[in-house]
Amino acid sequence: MKNKVTYYSHRILSRKYICNMGQKKLIKFAAIKEYENVLEYPQGMPGKWNAFFQELAKGTNNISLNDLAISQPTKPLVLELACGRGEYAVGLGRMFTNQNFVGLDIKGNRIWKGASIANRDGLKHVAFVRTQIDQVTQYFAKNEVNEIWITFPDPQLRVSKAKKRLTHPKFLRLYQQFLQPGGILHLKTDSPNLYLFTKTVIELFGLTLLTATDDVYGSEFMQSEQWDERCTIKTYYEGLNIASSNRIHYIQFKLDKELSIELDEKLKDIIAEFEVTETHDSLARNGKQAME
Ligand SMILES: C[S@@+](CC[C@H](N)C(=O)[O-])C[C@H]1O[C@@H](n2cnc3c(N)ncnc32)[C@H](O)[C@@H]1O
């Protein structure tokens with residue numbers, strides 16, 4: 001009988017919990033609709049970010065995107081892709097008040113966190129876009145973005161899913177459509193697989209590698225010339241250590257070459273050999289020694 005009571009109270013509790021979770025999400029979805037610093041699937045934004053941030057700084061209510069002028073950026077624009085709670089958009093915003101920052105993610109309840117902090121702390125140069133990354137080219141004009149940060153994206157470990165990795169050339173070609181020539185992309189990940197994959201892409205396509213370390217908090221890197229204080233910003237997923245690699249990997253590279261589509265096939269062949277490496281992450285997740 002006692003077990004039955006416990007069973008039912010558990011069910012009621014978990015149903016209540018799910019309800020609460022659902023309600024919390026709905027509250028956050030409703031809140032971001034009112035936030036000036038969150039744009040959901042905005043139309044006609046390419047070339048207007050400079051004007052948008054000027055209005056945001058002035059404290060304008062109900063900024064009319066249609067009325068914003070297309071203009072040359074007066075400040076560098078930095079984009080955080082798959083930003084989740086936007087720790088980088090907000091953290092970089094605190095470090096660099098003379099730049100503008102946009103975090104982009106599909107999940108409104110996650111964006112809510114970063115947008116609420118930016119509002120609370122008066123960071124008028126930090127904003128968020130809720131949309132799909134696959135559609136990112138709809139939101140920025142040619143050369144409008146100076147740098148891109150991608151932190152702890154889903155590593156898409158299955159080789160069959162490699163095209164979904166955010167550093168696959170398929171995505172890099174999208175970024176090139178709005179990134180300044182020679183613009184920089186930063187990747188922070190706990191996945192050895194995604195790190196190796198990205199290094200392979202850089203090498204195969206002849207992109208300029210600026211920094212690569214498999215231990216961003218290791219003393220060797222921290223004492224090196226390459227050390228970058230921006231790497232100290234920690235994200236929610238960084239704290240989860242999902243790949244159990246216990247090491248944060250970091251790559252900084254320039255998207256400074258045309259990415260020939262013919263090389264995609266070669267990449268496919270190379271990563272087919274990565275099947276061994278794929279088990280690297282999976283084994284690590286199970287707390288086992290990874291195979292070399
Ligand atoms: C593993 S989380 C990392 C979040 C954050 N960067 C961090 O380190 O905490 C990956 C994020 O990517 C977002 N995401 C995945 N696919 C996406 C897509 N196609 N378009 C937009 N966001 C996407 C998810 O909503 C999620 O917030």
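Q: Which residues of the largest nonpolar core touch the most other members?
A: The model is a predicted one. Its largest nonpolar core holds 57 residues. Those that touch the most other members are Leu79, Ala89, Val102, Phe128 and Ile148.

Q: How far apart are the end C-alpha atoms of α6?
A: Helix α6 has 13 residues, and at 1.5 Å a residue these should span 18 Å. The model agrees with this, as the end C-alpha atoms are 18 Å apart.

Q: Which residue just after α6 takes a positive phi?
A: Just after α6, a phi of about 70° is taken by Gly206.

Q: At what angle do the axes of α6 and α9 cross?
A: Two packed helices are described by the distance and the angle between their axes. Helix α9 is formed by residues 263-272, and its axis comes within 11 Å of that of α6. The crossing is right-handed. The angle is roughly 145°.

Q: How many residues in the contact of α6 with α9 are nonpolar?
A: Helix α6 contributes Phe197, Thr200, Val201 and Leu204, while α9 contributes Leu263, Lys266, Leu267, Ile270 and Ile271. One residue of the contact is polar and one is charged. The nonpolar ones number seven.

Methods:
Residues numbered from 1 in each chain as written. Predicted model: local features only at pLDDT ≥ 70, side-chain atom pairs only at ≥ 80, totals over all residues. Core = buried A, V, L, I, M, F, W, Y, C linked by C-beta atoms within 7 Å. Buried ≥ 20, exposed ≤ 12 C-beta atoms within 10 Å, placed from the backbone. Helix = DSSP H or I, 4+ residues; strand = E, 2+ residues; numbered from the N terminus. Expected span 1.5 Å × (residues − 1). Axes fitted to C-alpha atoms, helices over the stretch in contact; angles between N-to-C directions. Left-handed = near helix turned anticlockwise from the far one by under 90°. Contact = placed C-beta atoms within 7 Å. Nonpolar A, V, L, I, M, F, W, Y, C, P; charged D, E, K, R; others polar.
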